[in-house]
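Welcome to my notebook. I looked up a few spots and wrote down what I found.

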Amino acid sequence: MSTESETAAPLPVASVGPASAQGPAEPVSRSWTALFSLVWFGYWMANLVPLQLLLPQQLEAIAPASKVRDFAIVNGISGLVALLALPLCGALCDRSRNRFGRRRVWLGAGALTFAAGLIVTGEQRSVTGVSVAWAVSMLGLSAATAGLTAVIADRVPIPQRGMISSAIYGPQALGVVAGIAIVSSFGLSFAHSYAVLAVLLIICVVPFLAAYRDTTYDIEPPLRLHLVIASMGSSLRNRDFAWAFGGRLLVNLANSLGTCYMLYFLTDDLKVSDPESSLLAVTVVYLLAGILATTVAGVLSDRLGRRRIFVALAAVLQAVSGFLLAGFPSMTVALIASALMGGGFGAYMAVDQALITQVLPDAESRAKDLGIMSIGSVVPPTLAPLIASFIITSDRGYVLLFTAVGVTAAVGAALVYRIRSVR
């Protein structure tokens, strides 16, 4: 197996140029792509299995009567942590200088923090304890994401970015299905379930850490918090960057609203006899559609050199999914909607990840700018339960929730066409 250093020679920052216009010249290898995809498989599993299964079950065991509210509180706190940590970790990642490499050290330290947070979360027996431990997990995820997303702009040529984006989001549903299957099949306790996810996370990260070698860059000025805040505002004043951020935020929010309370929807609204098995079935359908759409959309987008049409159509599929569940709630429709949601989300994120690397305002602060963009994908899953809890407890309940999914995704699709610098 070839390492990354055998595939592409390091490029100084001066040869990279504006991030939105140029990128590395040397292609990444298949082995590099496989290891990079494995890291994301581990992260999706460690992040989304707790969100979709373990945290809801754990909070229901602690206080059944307040499970919806408690789930919202836990995710609201972790969402705030991620909102603050993502751009800050990105800015720090850009300025890190050590023999392990600025991207590698953030990925490694973030993975260890994330794993430790998972283990501690599994031991908690109170809402407060779960809130604090899960927030630590999100801090680790934010640190690792800073390094992972910057690697794309550092090392991947623009013509390969659709394919690499597929390698990121293709494993998403697979990670959820694998994690849910492991936890459900072996009847693990909460503590053991979280511990297994933590171990699998580290196993997935280590091969990439061992193979990857960072590029070399000029020294950047020392970090000043007020300058980070000012630079965030400067990035968002770039119109194409702002439209891309808004679209990503809304489409991820729509997907999160549609999936975050799926277990409770199956249990309390559809009243299926075996909610865990039904959730697994829904997730498998989501997985299959997502893998197919992610692979096809990313590669086809690279070949045609077009991004916006793929991103917009994928968002529309998710909108249709939400409207179907709002109008015709049943287990059969839930499976159909899951296929549309999974396919739409997989295609969206595969191509959108490539799109956003082409609208970055400044090559020298790419980790910071990608950290801002990561807010649009990491924060919605944590804030969606808070928003959804108010909707579910209203008179219209899940009908209004899934209507909100459709509307939010449709608006996200519309924002994509405000971008002018990318076809």
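This is a predicted model: local features need pLDDT of at least 70, side-chain atom pairs count only at pLDDT 80 or more; totals for chains, interfaces and linings use all residues.

**Entry one: Ser-278**

I began with Ser-278, which sits in helix H12, a helix covering residues 275-304. Is Ser-278 buried or exposed? I found a relative accessibility of 13%, and because buried means under 20%, Ser-278 counts as buried. Next I looked for its partners, setting aside neighbours within four places in sequence, and found contacts with Leu-266, Val-272 and Met-331.

I then turned to the second largest pocket, which holds about 200 Å³ of space. Which helices each supply at least two residues of its lining? I noted helix H3 (30-62), helix H7 (161-185) and H12. H7 gives the most, with 6 residues. Among the lining residues I listed Thr-33, Ser-37 and Phe-41, then Met-163, Ser-166 and Pro-171, and also Ile-291, Thr-295 and Val-299. Sorting the lining by type, I got 7 nonpolar residues, 5 polar and no charged.

My last stop was Val-405 in helix H16, which spans residues 397-416. I read a relative accessible area of 0% for Val-405, so this residue is buried. What does Val-405 touch, leaving aside its neighbours within four places in sequence? I wrote down Ala-254, Leu-257, Gly-258, Gln-318, Gly-322 and Met-341. I also checked Val-320, which is 85 residues from Val-405 along the chain, and found their C-alpha atoms separated by 9.0 Å.

Note on methods:
Residues are numbered from 1 along each chain as its sequence is written. Side-chain values use heavy atoms; hydrogens and water are left out. Helices (H or I, at least four residues) and strands (E, at least two) are DSSP runs, numbered from the N terminus. Buried means under 20% relative accessible area, exposed over 50%, partly exposed in between (1.4 Å probe, protein chains only). Contact means heavy atoms within 4.5 Å. On a 1 Å grid over the protein atoms alone, a cavity is a set of points where a 1.4 Å probe fits but cannot get out, and a pocket is an open set with protein on both sides within 12 Å along at least five of seven lines; lining residues have an atom within 4 Å of a point. Grid points are joined across faces, edges and corners, and a volume is the space filled by probe spheres set on the points. Ala, Val, Leu, Ile, Met, Phe, Trp, Tyr, Cys and Pro count as nonpolar, Asp, Glu, Lys and Arg as charged, and the others, Gly among them, as polar.
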